[in-house]
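Trainee: Please show me the model, and then let us go through its side-chain contacts.

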Amino acid sequence: MPLMKSWVESANSPDHPFPLNNLPYGVFSTEGSEPHCGVAIGDMILDVTKAEAEGLISLGDAPLFDVPFWNELMEEGPAVWAALRERLIALLSEGAEERVEVEPLLVPMAEAEMHMPFAVSEYTDFYAGRHHATNVGTMFRGAENALPPNWLHIPIGYNGRASSVVVSGTEIRRPWGQLKSPDHDKPAFLPCRRFDIELEMGAIVGTPSDGPITVQEADDHIFGYVLLNDWSARDIQAWEYQPLGPFQAKATATSISPWIVTKAALEPFRTDTPAREFELLDHLKDCGPMLYDIDLEVALAPEGKDATTIARTNYNEMYYSAAQQLAHHTSAGCPMNVGDLLGSGTISGAEKSQRGSLLELSWGGKEPIELDTGETRNFVEDGDTLTLRGAAKGDGYTIGFGDCVGTVLPALEDPFAR
């Protein structure tokens, strides 16, 4: 599919992340206004709440955009999702008859503050990138035992905290936790010393389910995708993870990008999962291209200094797709809700430059990475800003997500001081 031309000129640049082909959904506010729904088009935001109030968008008897989140639209189902996209394209296409009515509803993106685009019902994070799992397993168990016996058969995951999911730009406080390290003969409650990030994609469930669903049904249930940074306290994790897996190490924060890129916008970029050593069981088998060709990168900027791109990879490196993760999640009867968020797991490639976490990039802190500033990093330091970016490259256009940004603040002096 080539670039679709818009009368919003900035949307027609081949490198701009928000062309008419994209139309991602977010929640924004401007000075003196409450947060409300908007759609990115070029360097502008279409105020969808006002467009609905003025009758330019009508998708049913009751309003869908009088609330500061997109869950109401999700609940209406795929037919209404498609109807909204069709209407937005009609309103914003080159030569649109209603341009005069729509133009006053555009807000410069530079004047907007972004908020959480949807209300997160529940959050599950997976461990479904093979290179990441192999790297981490090799570090801690040796190359011969890198992957657990179940890893090539099921998507491994854990239930996270929906309450800790935050929008891009939210500052991240370094956590305290119970640690056990070689220089301590017993556990100690200390600020995390090995704070890390994980480059992931997040899939948003738009259609609820009550009981097992197939991989194809799961794909149909996904509303859209965001970039996701799973902040991870590696030293807390190392002490707590046996026998039940991550807990406090993953509870500090999970950052997501501000715009929901719909599955419809990503359709031209579908691609297959990698070749498999073992055939998956029937309920997890691929039923077509379920991944997407999305270039990803991570940049690190020390406080007050320029950023260094420390990793580049692609979403097509995942071993399991979001649809397979969702189908597996439901297989024991688990109901899924509108607004559930599924983290893909860290996305890493085969090369060192393609590793999606500092744990891998510095090989557990033993091989510090060099920044363009001349500094080195084993893990994230106070004042560092981490930025995740993603883009799918089409024929004369780019589908972007908006940056997923977080700056690390120092740990509290005493978290229990009253």
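**Aromatic pairs and salt bridges**

Mentor: There are 14 aromatic pairs here, a pair being two rings of Phe, Tyr or Trp (its six-membered ring) with centres within 6.5 Å; planes under 30 degrees apart are stacked, over 60 edge-to-face and the rest tilted. This is a predicted model, in which local features need pLDDT of at least 70 and side-chain atom pairs pLDDT 80 or more, while totals for chains, interfaces and linings use all residues. Residues are numbered from 1 along each chain as its sequence is written, and side-chain values use heavy atoms, with hydrogens and water left out.

Trainee: What kind of aromatic pair do Tyr-25 and Phe-223 form?

Mentor: Their ring centres are 6.0 Å apart. The planes make an angle of 35°, so by the cut-offs the pair of Tyr-25 and Phe-223 is tilted.

Trainee: How many residues apart are Tyr-25 and Phe-223?

Mentor: Tyr-25 lies in strand 1 (residues 25-29) and Phe-223 in strand 14 (residues 222-230); strands are DSSP runs of E with at least two residues, helices runs of H or I with at least four, numbered from the N terminus. The pair links distant parts of the chain, 198 residues apart.

Trainee: Are Trp-151 and Tyr-319 buried or exposed?

Mentor: Buried means under 20% relative accessible area, exposed over 50% and partly exposed in between (1.4 Å probe, protein chains only). By that rule both Trp-151 and Tyr-319 are buried.

Trainee: Which charged residue sits over the ring of Tyr-319?

Mentor: A charge counts as over a ring if NZ of Lys or CZ of Arg is within 6 Å of the ring centre and within 35 degrees of the ring normal. Here the charged end is 4.6 Å from the centre of the Tyr-319 ring, and the residue is Arg-276.

Trainee: How many salt bridges are there?

Mentor: A salt bridge is a side-chain nitrogen of Lys or Arg within 4 Å of a carboxyl oxygen of Asp or Glu. By this rule the count is 21.

Trainee: How far apart are the closest N and O atoms of Arg-377 and Asp-384?

Mentor: Arg-377 is buried at 4% relative accessibility, and Asp-384 is buried at 0%. They form a salt bridge, with the closest N and O atoms at 2.8 Å.

Trainee: Which strands does the salt bridge between Arg-389 and Glu-297 tie together?

Mentor: The closest N and O atoms of Arg-389 and Glu-297 are 3.5 Å apart.
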